[in-house]
Amino acid sequence: MPKIKDYSLYLVVSEEYGQGKTALEIASAAIYGGVDIIQMREKNKTKQELTALGNKLSRLCRENNALFIVNDDPFVTKEVNADGVHLGQEDIKRFRLEDVRSILGQDKIIGISTHSLEQFQEANNKDFDYIAFGPVFPTQTKDYFIGTKDIEEVLKIAKKPVVFIGGINLSNISELLSAGVRNIALIRAILQAKDITLETKKFRQKFNVKRQDMIIKINGKEESIDKEIKLIDLISKKNLCSEKIIIEHNFKIIDKEKWPDIILAEFDNLEIVSFVGGG
């Protein structure tokens, strides 16, 4: 199953707030800027329109290693082969969680919105894969906000990833990061930016400063490793025998004498091939 990773940027895409930009344009620009998760939230489209758009967004996200979530509807989620569905409090009155899991299968993500500590506690003990909590700050998309007073307790009891949402911007994100928040969802702060890619990069940079690790690919699989670790130190941590491996770094074979000079960076690609020598 795909998972919500720590320090994920989650963008809720809605043409309603896009100031004339299409959902596909918004998503493309945001992914280029570093968004990890795209949610399609279009309240004014027909199911046929949602399916057509969902197929395009699903393909875009798949090609760029981003997760794709559909708002509200597990049937559209399945039809467009999205990574998961996000349900609101009203949705779980229409769809039983067991039925949604049955529709999508065990390998898909099911998220839930919560707007109070009580709702969070209830969702925390159910078969959801992540929980959204908010709105934590005043926002034009809601006529209320719940504040930040419960963040510490939410993070303390959370059994699954928590995505904080609502009125988050570059001015207040540091308050959340200082409180231990690791995932945030954005709407207007990105959708209404003059330059979506640039604005997304600013949020990404805030997260990257806070993160103590980074993601690279090792033999085709993503792994979390320490920031700025040297290649030679990674080999040592993995207890690999340097005399029995060949390493390809970003698609180039690296001579052993150069291993101590290479500092790994976010999204680097490693291929480590072990071999057995003969006498």
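Me: Is Phe-133 buried or exposed, and what is its relative accessible area?
Reply: In this predicted model, a residue counts as buried when its relative accessible area is under 20%. Phe-133 falls below that cut-off and is therefore buried, with a relative accessible area of 1%.

Me: How are the rings of Phe-120 and Phe-133 arranged as a pair?
Reply: A pair of aromatic rings is described by the distance of the centres and the angle of the planes. For Phe-120 and Phe-133 the centres are 6.0 Å apart and the planes stand at 85 degrees. Planes over 60 degrees apart count as edge-to-face, so the arrangement of Phe-120 and Phe-133 is edge-to-face.

Me: Which parts of the chain does the pair of Phe-120 and Phe-133 link, and how many residues apart are they?
Reply: Phe-120 belongs to helix 6, which covers residues 117-124, while Phe-133 belongs to strand 6, which covers residues 130-133. The pair thus links distant parts of the chain, helix 6 and strand 6, with the two residues 13 residues apart.

Me: Which residues form one aromatic cluster with Phe-120?
Reply: Phe-120 itself counts as buried, at 0% relative accessibility. The cluster that contains Phe-120 is formed together with Phe-133 and Phe-164.

Me: In which sense do the strands of the barrel pair, and in what order do they close?
Reply: One example is given by strand 3 (residues 67-71) and strand 4 (residues 84-87), which pair in the parallel sense over 3 bridges, and here Val-70 stands opposite Val-85 in strand 4. In the barrel as a whole, 8 strands close up, the pairing is parallel, and the order is 1-2-3-4-5-6-7-8.

Me: Which strands does helix 1 touch, and what angle does its direction make with that of strand 1?
Reply: Helix 1, made of residues 23-33, packs on the sheet, where it touches strand 1 and also strand 2 (37-40). Comparing the direction of helix 1 with that of strand 1 gives an angle of about 170 degrees.

Me: Where is Asn-64, and is it buried, exposed or partly exposed?
Reply: Asn-64 sits in the loop between helix 2 (47-63) and strand 3. Its relative accessible area is 39%, and a value between the cut-offs of 20% and 50% is neither buried nor exposed. Asn-64 is therefore partly exposed.

Me: How far apart in space are Asn-64 and Asp-36?
Reply: Along the sequence, Asn-64 and Asp-36 are 28 residues apart. In space, taken from C-alpha to C-alpha, the distance between Asn-64 and Asp-36 is 9.2 Å.

Methods:
Residues are numbered from 1 along each chain as its sequence is written. This is a predicted model: local features need pLDDT of at least 70, side-chain atom pairs count only at pLDDT 80 or more; totals for chains, interfaces and linings use all residues. Side-chain values use heavy atoms; hydrogens and water are left out. Rings of Phe, Tyr and Trp (its six-membered ring) pair if their centres lie within 6.5 Å; planes under 30 degrees apart count as stacked, over 60 as edge-to-face and the rest as tilted. Helices (H or I, at least four residues) and strands (E, at least two) are DSSP runs, numbered from the N terminus. Buried means under 20% relative accessible area, exposed over 50%, partly exposed in between (1.4 Å probe, protein chains only). Two strands pair if DSSP finds at least two bridges between them. Contact means heavy atoms within 4.5 Å. Axes are lines fitted to C-alpha atoms, for helices over the stretch in contact, and angles run from 0 to 180 degrees between N-to-C directions.
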